[in-house]
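Me: Could we go through this model together? I would like to discuss its sheet and its helix packing.

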Amino acid sequence: MRDYANSKRILNNNRRFIPGGVVSVNRAVEPEIVFSKGLGAYLWDMEGNRYIDYHAAFGPHLLGHINPFIEAAVGEALTRGASLFGAGTTELEGRLAELLCTHIPAMESVQFLNTGSEATAQAIRLARAVTGRSHIITMQGGYNGWHNDVSSNLMTPLSILGPRVSPGEYPYAPISAGIPLEVQKLVHAVNFNDLDSVQYVAEKYAVAALITEPILQNIGIVKPVPGYLEGLRTLADKYGFILILDEVKTGFRHALGAYASIEGVTPDLMVLGKAMSNGYPISALGGKKQLMDYFVHPDPSQRVLLAGTYNAHPVPTAAAIAMIQRLLANEGEIYTYIEELGRVMQEGLEQIIQRKSLNAVVARQGSAFCLYFMDHLPEDWHDIAENHDFDFDLQLRRELVNNGIYFFPSPVKQCSISFAHTLADIENTLVNVETAIAGCGKKLKTAG
C-alpha cells in the first residue's frame with residue numbers, strides 16, 4: 001500500500017482547526033489522501049502520486065480539471081473588471097439566463113444560486129408557496145442536498161428500512177441531527193421507479209412537490225424504467241403537486257438540454273449545478289415562468305424570498321457561459337466523444353466480468369457508470385441494499401486507488417469520464433480493474 005505521510009501530516013494539522021479535518025463530511029474517506037493538483041483527467045497527491053480521476057469532485061469536471069477554454073473565459077471576465085457589484089443586474093447573468101432558457105426546454109425562466117442544496121431548498125419553498133401545501137415526496141436512495149426537507153433516506157440500512165414497501169412509504173430515516181419532528185412529518189420517502197407509491201402518498205397527504213433525480217446518481221446509476229418519468233408528470237398533473245427534477249448531477253453531463261430533454265419530459269421546476277460550470281460554484285433553478293414569477297409576485301404575502309450575496313458571481317457565471325459555448329461547439333463533439341469512451345469502458349468491464357465469471361453488472365448513462373456486484377441492474381435503493389456486495393465494492397475501489405485509478409473509495413458511487421480522458425486512459429483503467437479483481441476476487445461470489 002502507498003505511504004501517505006505528507007497527506008496524513010496535513011490532515012492532522014487541519015483537524016486542529018476544522019472538525020474532522022475536511023469541510024464537507026462526504027469527502028472523508030479512506031485512504032485519507034490530500035490532493036495538491038488537478039489537470040485534465042488526472043490528480044496528484046501531496047506525495048507526488050498521479051491518478052486517473054473518475055471521481056471528478058462528485059461530478060462537476062465534465063471537461064476535466066482546469067480546462068483552458070473555461071479558464072480563459074474566467075480570466076477575460078476578471079481582466080475587464082467583472083467584479084461582484086451587489087447592485088442591479090449584470091450583462092453576464094443575463095447572457096447565461098438567455099442561454100439556459102434557449103437550450104433547455106424545461107426552462108422558461110431561471111434564477112441563480114451557488115450550490116445544488118440552495119437551489120433545491122428554493123425549489124421546495126417555491127412549490128409550497130404556489131400550492132399552499134406542505135408535504136413533499138422524496139426518493140429512498142435519492143440525494144437532493146443537506147437542508148432539512150431532504151436530509152433523509154439516502155443509503156438507509158435494511159435494518160432500518162425494513163421489508164420492501166409498495167404501495168406505501170418508508171420510515172423517515174434522517175441523515176442529520178437537528179431536523180425538527182414537525183419537518184420530518186412532512187417528508188415521505190418512496191422507492192424510485194414506483195408510481196403506485198407516489199399515488200399512495202398523493203392520495204393520503206396534501207403534497208406540494210415531488211423532488212427526484214431523473215437518474216439516481218448518488219447511489220451509482222439507477223435509471224428510470226420506461227414510462228416512469230412520464231408517469232410522474234401524469235401524477236403531478238392529476239394531484240396538483242409540483243414536479244421538481246434535481247438535475248444537479250445529470251444536467252449538462254448527459255445533454256445540454258438536461259436529462260429531461262432525453263426523456264422528453266417537462267418538469268415544473270428543474271435544478272442544475274456541478275457540470276454547469278466545470279467546477280466553479282454555481283447552481284440554477286428554472287422552470288415554468290408562471291411559477292418562477294412568484295419570486296417577484298406583486299402580493300407580498302405570496303412572494304417567495306430569493307437572495308444571496310454571491311448569486312451569479314461573475315467568475316462562475318463566466319465559466320458557465322463558456323461551458324455552454326464549448327458544449328455547443330463543433331456539432332456537440334464533446335458528447336459524441338465521451339459517449340464513445342463510456343461505451344468502451346462499459347464493454348471492457350463487461351468483458352472482464354465475463355472472463356472472471358463475476359456476479360456483476362455495469363450501469364451506464366453516457367459518461368457516467370457504476371459497477372454493481374449483483375446479478376441484475378438495480379431499479380431502486382432497496383434492490384441495491386438487498387443484493388449488492390458492498391464489502392467487495394469497497395475493497396476493489398481501494399485497490400484501484402492504490403494502483404493510481406481514482407474510483408471514489410465508497411461503495412456504489414458514480415464514476416465519471418471527462419472530455420480530457422483518452423482512450424489510453426480507459427484501456428489503462430481496464431487493465432488495472434482486471435488486475436485488482438484478480439487480487440481480491442476470492443472474496444467475491446462468482447456467477448452461477
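Predicted model: local features only at pLDDT ≥ 70, side-chain atom pairs only at ≥ 80, totals over all residues.

Me: What is the strand order in the open sheet of seven strands?

Reply: The order is β4-β10-β9-β8-β7-β5-β6, and the pairing is mixed.

Me: Which strands stand at the edges?

Reply: The edges are formed by β4 (109–113) and β6 (187–191). Each has a single partner strand, so one side of each lacks a neighbour in the sheet.

Me: And what does the twist average from one strand to the next?

Reply: The average is 20° per step between strands.

Me: How many bridges join β5 to β7?

Reply: Three bridges link β5 (residues 135–140) with β7 (residues 207–212), and the two strands run parallel. I137 has L210 of β7 as its bridge partner.

Me: Turning to helices, which strands does α7 touch?

Reply: Helix α7 (residues 195–204) packs on the sheet and touches β5, β6 and β7. The direction of α7 makes about 160° with that of β6.

Me: Where does α8 lie?

Reply: Helix α8 (residues 228–239) lies across β5, β6, β7 and β8 (242–247). Relative to β8, helix α8 runs at about 145°.

Me: At what angle do α7 and α8 pack?

Reply: The angle is about 15°, with the axes 10 Å apart. The two helices are therefore roughly parallel, as an angle under 35 degrees counts as such. The crossing of α7 past α8 is right-handed.

Me: Which residues make that contact?

Reply: From α7 they are L195, V198, Q199, A202 and E203, and from α8 they are Y228, G231, L232, L235, K238 and Y239. By class, seven are nonpolar, two polar and two charged.

Me: Is G231 buried or exposed?

Reply: G231 is buried, because its relative accessible area of 11% falls under the 20% cut-off. Its place is in helix α8.

How values were computed: Residues numbered from 1 in each chain as written. Heavy atoms only, no water. Pairing = 2+ DSSP bridges. Helix = DSSP H or I, 4+ residues; strand = E, 2+ residues; numbered from the N terminus. Axes fitted to C-alpha atoms, helices over the stretch in contact; angles between N-to-C directions. Contact = heavy atoms within 4.5 Å. Buried < 20%, exposed > 50% of the residue type's maximum accessible area, 1.4 Å probe, protein only. Parallel < 35°, antiparallel > 145°, perpendicular 65-115°, else oblique. Left-handed = near helix turned anticlockwise from the far one by under 90°. Nonpolar A, V, L, I, M, F, W, Y, C, P; charged D, E, K, R; others polar.
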